[in-house]
Amino acid sequence: MKRNKKLILISHCILNQNSVVKPLARAKGAFPIIKSFIDEGVGIIQLPCPEFKFLGPNRKPMSKEEYDTPQYRELCRNLFLPILEDIKKYIENGYELQTIIGINQSPTCSITGKRGVFMDEIFKILEKENIHIDSLEIPTDYTEDSDPTSLW
Ligand code: SF4
């Protein structure tokens, strides 16, 4: 059996830069950095993009404070719950959820520093479910031309 039962969770735009605020796109499509995980044989679960769901592809750049409303937090929770159901099924069946990869300084998907709204809700839910997971972030200066070996 080829399946190695290792999984990572990644912010949507790592695989699809079409979802980011227009002037902030840093690659034509997917970030090449993700190839290293493909080469390792890791399964990739792509999180949804809450900002795209909320305001679409022509939204303006906004701060965490501007996004941080009860309505947006509820959207974030509701977007994550189906993913949580899948994660629980994987874990119950012996799969390993290794890492979650966010986007540093995103108002929604940052993990360190000022945590983004979506990651805030995700980590609260994972903690409540007693699911522990390592984390990584795409740095602010990463682009599709960056040296992938210098990232982590
Ligand atoms: S950082 Fe999060 S909210 Fe922003 S574009 Fe990427 S997936 Fe969407």
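**A parallel sheet, a kinked helix and a ligand shell**

Gln-105 sits in the loop that links β3 to α6 (117-128); here helices (H or I, at least four residues) and strands (E, at least two) are DSSP runs, numbered from the N terminus. The structure is a predicted model, in which local features need pLDDT of at least 70 and side-chain atom pairs count only at pLDDT 80 or more, while totals for chains, interfaces and linings use all residues. Residue numbers start from 1 along each chain as its sequence is written.

Gln-105 is not a glycine, yet its phi is positive, at about 70°. It counts as partly exposed because it has 16 C-beta neighbours inside 10 Å. For this classification, C-beta atoms are placed from the backbone, and a residue is buried if 20 or more other C-beta atoms lie within 10 Å of its own, exposed if 12 or fewer, and partly exposed in between. Lys-5 also has a positive phi, near 65°, and is a residue other than glycine. Lys-5 belongs to the segment before β1 and is partly exposed, with 14 other C-beta atoms within 10 Å.

An open sheet of 4 strands is arranged in the order β2-β1-β3-β4, with parallel pairing. Because β2 (43-46) and β4 (134-138) stand at the edges with a single partner strand each, one side of each has no neighbour in the sheet. From one strand to the next, the twist averages 25°, where axes are lines fitted to C-alpha atoms, for helices over the stretch in contact, and angles run from 0 to 180 degrees between N-to-C directions.

Two strands are taken to pair if DSSP finds at least two bridges between them. On one side, β1 is joined to β2 by 4 bridges, and Leu-9 stands opposite Ile-45 in β2. Between β1 and β3 there are 5 bridges, with Ile-8 opposite Thr-99 in β3. Strand β3 (residues 96-103) is in turn joined to β4 by 5 bridges; there, Ile-100 has Ser-135 in β4 as its bridge partner.

Helix α5 (residues 70-92) has 23 residues, so at 1.5 Å a residue it should span 33 Å, in agreement with the 32 Å between its end C-alpha atoms. The expected span is 1.5 Å times one less than the number of residues. A kink of about 30° lies at Leu-81, shortly before the proline Pro-82; the bend at a residue is the angle between axes fitted to the seven residues ending there and the seven starting there. The buried residues of α5 are Tyr-72, Leu-75, Cys-76, Phe-80 and Ile-87.

The ligand is surrounded by 13 residues, of which Cys-13, Cys-49, Ser-106, Thr-108 and Cys-109 are the closest. A residue is near a molecule or strand if its C-beta atom, placed from the backbone, lies within 6 Å of it. Helices α1 (12-15) and α3 (50-55) each supply at least two residues of this shell, and α3 gives the most, with 3 residues. By class, the shell holds 7 nonpolar, 5 polar and 1 charged residues; Ala, Val, Leu, Ile, Met, Phe, Trp, Tyr, Cys and Pro count as nonpolar, Asp, Glu, Lys and Arg as charged, and the others, Gly among them, as polar.
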